[in-house]
Amino acid sequence: MTRFLLVALPLLLLLMALFGLALEVLDLEPETGGLARFGISRHAPPPLRFQVGDWLMQSLGLTALFLLVQGRSGAWWLDGLVAGWIAWVFRGPVLVLTLAAWTRLPRDPWWQLSLRWLFLYTLCGLLLAVTARRLRLER
């Protein structure tokens, strides 16, 4: 278990960092121009320590969820997909709907990002499943 955590957590952090970099380089970040009329704008990215802390919390949560799901879905790769998609439901649609309901802001920029997170969380879940299989982590 310790070996799995020592390998999986840095891999997830790296994948999340590369995903964020890819969004920025390929100019796939959601359009937030429509939020300016509400007085919300993003002049600069958040400090690096906040971003790394966010990735670390996501990685820990996703790994814990994977360990709870592992061995229950019937196939090793399906364990990863199930864990990634369950995590995405709360990181994506639930977060977007809550934000839109409480702030009355348009959901569009966050919904675009949420759909991109579906791809990221699918990759993260599969990465956890492959890592567990390669390290022979048995349930």
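Modeller: Let us begin with contact, which means heavy atoms within 4.5 Å. In the protein chain, residues 24 or more positions apart account for 79% of the contacts with a separation of 6 or more. This is a predicted model, in which local features need pLDDT of at least 70 and side-chain atom pairs count only at pLDDT 80 or more, while totals for chains, interfaces and linings use all residues. Residues are numbered from 1 along each chain as its sequence is written, and side-chain values use heavy atoms, with hydrogens and water left out.

Colleague: How many helices and strands does the protein chain have?

Modeller: Helices (H or I, at least four residues) and strands (E, at least two) are DSSP runs, numbered from the N terminus. The protein chain has five helices and zero strands, and its pattern along the sequence reads α-α-α-α-α.

Colleague: How should I read a pair of packed helices, and at what angle do α1 and α5 cross?

Modeller: Two packed helices are described by the angle between their axes and by the distance between the axes. The axes are lines fitted to C-alpha atoms, for helices over the stretch in contact, and angles run from 0 to 180 degrees between N-to-C directions. For helix α1 (residues 2-25) and helix α5 (residues 108-134), the axes come within 10 Å and cross at roughly 155°. Angles under 35 degrees count as roughly parallel, over 145 as roughly antiparallel, 65 to 115 as roughly perpendicular and the rest as oblique. α1 and α5 are therefore roughly antiparallel to each other. The residues in this contact include Phe4, Val7, Ala8 and Leu11 of α1, and Trp117, Leu120, Leu128 and Thr131 of α5. By class (Ala, Val, Leu, Ile, Met, Phe, Trp, Tyr, Cys and Pro count as nonpolar, Asp, Glu, Lys and Arg as charged, and the others, Gly among them, as polar), the contact of α1 with α5 divides into 18 nonpolar residues, one polar and one charged.

Colleague: What is the angle between α2 and α3, and what is the hand of their crossing?

Modeller: α2 and α3 pack at an angle of about 130°, with their axes 9 Å apart, and they are therefore oblique to each other. A crossing is left-handed if the near helix is turned anticlockwise from the far one by less than a right angle, and right-handed if clockwise. The crossing of α2 and α3 is right-handed. Among the residues that make this contact are Asp54, Gln58, Leu62 and Phe66 of α2, and Asp79, Gly80, Ala87 and Arg91 of α3; by class, the contact has eight nonpolar, three polar and three charged residues.

Colleague: Which orientation do α3 and α4 have to each other?

Modeller: The axes of α3 and helix α4 (residues 93-103) come within 3 Å and cross at roughly 5°, and the two helices are therefore roughly parallel to each other. The contact is made by Trp88, Val89, Phe90 and Arg91 of α3 together with Pro93, Val94 and Leu95 of α4.

Colleague: Where is Trp88, and is Thr63 buried or exposed?

Modeller: Trp88 lies in helix α3 and is buried, with a relative accessible area of 13%. Not counting residues up to four places away in sequence, Trp88 touches Pro93, Ser114, Leu115, Trp117, Leu118 and Tyr121. Thr63, in helix α2, is buried, with a relative accessible area of 2%. The C-alpha atoms of Thr63 and Cys124, 61 residues apart along the chain, are separated by 9.2 Å.

Terms used. Buried < 20%, exposed > 50% of the residue type's maximum accessible area, 1.4 Å probe, protein only.
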